[in-house]
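Me: I have a model open on my screen and would like to learn how to read it. Could you walk me through some strands and some chain contacts?

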Amino acid sequence: MHDTVWFEIQGVPAVSIASSEFREAAEAQRDALGMKDARYLLVEHPIQDATDDEMRAKAQAVLPAVIEALTS
Amino acid sequence: MTLIILDPTDERVPVERHISRRNGAITGTIGLLDISKPRGNVLLDELERLLLERLPGVKVNRYRKPTFAKPCPDDLRGTIKSECSFLVEALAD
Amino acid sequence: MSEFNRGFSLPDLDGLPRRFPSGRPSLVCFVKEDCKTCNLVMPVLEAFHRTFGARADVLLVGQSAAGNATLKERHALTMPVLDDSDCRVSFAWDFEIVPAVFWTDGEGKIGTRFEGFVRSEWQALEQQIGAQLDPGFSGLNWLDYPDWRPGCGSKHLDPEVNERLRATASDSPIRARRIEIASADDDAEFMFDQGFSDGLPLVPPTPERVMRMLAGTRRGAQDIVAVVPPNMAPATVEKIAINAVMAGCRPDYLPVVIAAVEAVCTDEFNIHGVTATTMGASPVMVVNGPIRHRIGMNMKLSALGVGNRANATIGRAVRLVVRNIGGARPGGVDRSTMSSPLKFTMCFAEWEEGSPWSPLHVERGFQVEDSVVTVFAMTSGPVLIVDQESRGADQIAGSLGLGLEGAILSKIHRMPMDALLVVCPEHIRTLTSEGQYSKDRLRARIQQVTSRPLREMVANEISGAGIPRAIADKMTPEQLEAPAPKFASEANIHIVVAGSEAGKFSAAFHGWVTGPAGSMSVSRKIETS
């Protein structure tokens, strides 16, 4: 989140993608950085043992949210 | 430790950090920043393919942080900022 | 544990006040009508009141008047139900959850306290009170009650309620909105990013620093000093103090900042016009009177330059007020083409002791023992006026005039524009070497040496500025030969003394437009301690 917050301050719309395990950490980091509306998206855990096809499915699932996070 | 300061303005608007303005459309170049955790590249490869397919005319640049353990180095941030109008960072696990 | 005084006097449902401590052992229970657990314990408390009420005060303290009436009706209460709707007493007793129970002695010392509903705690309390007071037990069937039930957050902790309580409880004068800078954020970066800064770093205005700053004035923190254009926002003493902290002021500078804000926000000074003009104007502030020495202002070596905290930060504080409270920023209301460092700060003290004349403030109608700040709208300066040769008084005066002639553009004369001339001590020495040389005589001399025929003001191949040819062509030769002094009037020439005693260099500031559409200089008295 440090990076996406920095980019937002610079005027670059940004979004972080993390695994669902990361939700609390993402919220905590966002609070710590003081940008309440910084955008982040979660994809389903697990990541490490997901097959390539499964990873690609996660990408497809999150794509609409990525576009929305950057445009609205 | 959060620091509390008092608002020096006339308080017509809350003083907080906000994300930058959204323009309703993606144009120009999107940066995809790999934070270098394993498997993130597979997700980003697919996102890149989908974005190019979904948004003709938009360019996608790929970048990679040296380590996920620290924020992006300054010079890489500077490069991305000068080359991209949007950023997606992945994949924190 | 807080040291707040727990004593109170609260009205019951009949409007009669009940005091605590009362001299009798007391069971005080804080509740909220819309809390289910509070409702759960109502019969318990009522039973306690009936059983122990002859020997102890059993008091229910509710956080809303309407809620209290509802509780009384709903539970057929005979016990006193006290109104703490503004939550002052709840705040002072410092608990988090309702129901909050306190068992105290007659003097108010707390023996037992707990929050929420843990049945064993309540049972133990009954035993304790029963044993102490001896009238026996309440007859409550504790098995009707759950082992445990969570309470609710007390109303006094609701953020808005709590902030108000904190401010009024310790008589804190602070009312400004609190801004939290997140732990991983940087306070200096945050303030820059929020647009508070003139470009240079700011001191974070923490509540502690602002409280210390407010000690520099006897005025109330919520006194409105001025309404600041363009936002027409009220500048309270507190808001001015916040900006003064950011500027780096000491508390004893605050009265000067306050007086200067008053001065620039007058209609005559027209800070809106001053800030907005593409010519880039800014108040130049001159301070007179005893306060100069008391707060250590600079009026001598480097008077118009760096190194003196009072000079630098007082001017800066006024600029930050205009920016942050008034809302005037470059790119927004401020459209200055070039602007100048005057917009960071330009504030100095007159060296009255080295002046052969009345100090500026006396000239402007104040008593010599008054401390006064005068603000002039200036577009440029200081411009150095160098004369290391002249020996005669009229010659020095002449050079000072020539030094002023370049204001705006040297060929433009009869300007309805102020200038502020800062005469250095060595020039003063030469000026008065032949005897007295009044300010009026100096003004007259400046106008005399800068008088050129009107003809020289006409637009030509050298410069298209000035009187348009079309108009000049309609003028008679006599009109064109008429002498045109630099300034529209001698009253446009303001004169003070400052600078070190070594160096034959005076200085001038050039103004903006005077008159109703422009800006007039304004003086304001500074509060003295």
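Me: Let's take the hairpin of β7(C) and β8(C): how many residues lie between the two strands?

Reply: Keep in mind that this is a predicted model. Five residues lie between β7(C) and β8(C) in this hairpin. In the turn, C:G108 has a positive phi of about 100°.

Me: In which sense do β7(C) and β8(C) pair?

Reply: To read a pairing, look at the direction of the strands and then at which residues face each other. Here β7(C) and β8(C), the latter covering residues 110–115, pair in the antiparallel sense over five bridges. For a landmark, find C:W103, which stands opposite C:T112 in β8(C).

Me: And which residue of β7(C) stands opposite C:S26?

Reply: That residue is C:T104. It belongs to the pairing of β7(C) with β3 of chain C (residues 26–31), where the strands run in the antiparallel sense over five bridges.

Me: How do I read the two faces of a strand, and which residues of β7(C) are on each side?

Reply: In a regular strand, side chains alternate between the two faces of the sheet. In β7(C), one side carries C:A100, C:F102 and C:T104, while C:V101 and C:W103 are on the other. Both faces are covered, and every one of these residues is buried.

Me: Why is β7(C) described as largely enclosed by the rest of the structure?

Reply: A residue counts as buried when its relative accessible area is under 20%. Five of the five residues of β7(C), residues 100–104, are buried, so the strand is largely enclosed by the rest of the structure.

Me: Now to interfaces. How much area do chain A and chain B bury between them?

Reply: Begin with the area, then ask who supplies it. Chain A and chain B bury about 3800 Å² between them, with 62% of it on carbon and sulfur atoms. A:D3, A:I17 and A:L63 supply 16% of the area that chain A buries against chain B, more than any other three residues. The contact takes in 46 residues of chain A and 38 residues of chain B.

Me: How many salt bridges are there between chain A and chain B?

Reply: There are five. One to inspect joins B:R22 to A:E8, with the closest N and O atoms 2.9 Å apart. As for which elements take part, α1 (2–9), β1 (14–19) and α3 (52–71) of chain A each supply at least two residues of the side that touches chain B. The most comes from α3(A), with 13 residues. By class, that side of chain A has 25 nonpolar, 13 polar and eight charged residues.

Me: In which sense do β1(A) and β4 of chain B pair?

Reply: They pair in the parallel sense, over four bridges, with β4 covering residues 86–92 of chain B. Look for A:A18 opposite B:A92.

Me: What about chain B and chain C: which residues of chain B lose the most area to chain C?

Reply: Chain B and chain C bury about 2200 Å² between them, 58% of it on carbon and sulfur atoms. In chain B, the residues that lose the most area are B:I5, B:L6 and B:R17, together 34% of what that side buries. B:R17 also forms a salt bridge with C:D185, the closest N and O atoms being 2.6 Å apart. As for B:I5, its bridge partner in β12(C) is C:I179. Four bridges join β1 of chain B (residues 3–6) to β12 of chain C (residues 178–181), and these strands run antiparallel.

Methods
Residues are numbered from 1 along each chain as its sequence is written. Chains are lettered from A and ligands numbered from 1 in the order in which they are written. This is a predicted model: local features need pLDDT of at least 70, side-chain atom pairs count only at pLDDT 80 or more; totals for chains, interfaces and linings use all residues. Side-chain values use heavy atoms; hydrogens and water are left out. Buried means under 20% relative accessible area, exposed over 50%, partly exposed in between (1.4 Å probe, protein chains only). Two strands pair if DSSP finds at least two bridges between them. Contact means heavy atoms within 4.5 Å. Buried area is the accessible area (1.4 Å probe) that two parts lose on being put together, summed over both. A salt bridge is a side-chain nitrogen of Lys or Arg within 4 Å of a carboxyl oxygen of Asp or Glu. Ala, Val, Leu, Ile, Met, Phe, Trp, Tyr, Cys and Pro count as nonpolar, Asp, Glu, Lys and Arg as charged, and the others, Gly among them, as polar.
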